[in-house]
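Dear colleague,

Here is the structure I said I would pass on, and my notes on it follow below. Please read them alongside the model.

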Amino acid sequence: MDLVRIRDLQVEAHVGVTEEERAVPQTLLVNLDLQVDTVAAGASDDLADTVDYGDIATTVADLIRGMRPSLLEHLAERIARAMEDYPKITGIAVEVMKVNPPIPEKLGSVGVRIERAFR
């Protein structure tokens, strides 16, 4: 299985269960493992034969900024569903992490990871 990997996409977003938590933007880190057959791109050196990670990063960032979800699980699921629109992506692993979440205990990050197959 070939993967196109996007690491540490940083997006400021309103996310959380309480109104107080959603009132202040939080830094999210998003990691994606996109299952893509890269044989054609490896042979041709042509972007049209693979996925444009810049376009995907922008799509994901715009999606996140347009939402105010309660749960990271919901956000990860919405990201995975959006990637179904890319015909070259056959599956995905999505990880969404909150950096320094606003809870009483000190945590560096907390997050979820989901995996989905499309075709």
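A patch, as the word is used here, is made of residues with over 30% relative accessible area and no salt bridge, where like charges are joined within 9 Å and nonpolar side chains (Val, Leu, Ile, Met, Phe, Trp, Tyr) within 5 Å; a salt bridge is a side-chain nitrogen of Lys or Arg within 4 Å of a carboxyl oxygen of Asp or Glu. Accessible areas come from the Shrake-Rupley method with a 1.4 Å probe, and for residues only the protein chains shown count as cover.

This is a predicted model, in which local features need pLDDT of at least 70 and side-chain atom pairs count only at pLDDT 80 or more, while totals for chains, interfaces and linings use all residues. Residues are numbered from 1 along each chain as its sequence is written, and side-chain values use heavy atoms, with hydrogens and water left out.

Ile-103, Leu-107 and Val-110 together make a nonpolar surface patch of about 210 Å². Of these, Ile-103 sits in the loop between strand S3 (89–99) and strand S4 (109–117), and Ile-103 is partly exposed at a relative accessible area of 40% (buried means under 20%, exposed over 50%, partly exposed in between, with a 1.4 Å probe and protein chains only).

As for the whole protein chain, its 4 helices and 4 strands follow the pattern β-α-β-α-α-α-β-β along the sequence (DSSP runs, helices being H or I of at least four residues and strands E of at least two, numbered from the N terminus). Buried residues make up 41% of its 119 residues, and the chain exposes about 6,900 Å², of which carbon and sulfur atoms supply 51%.
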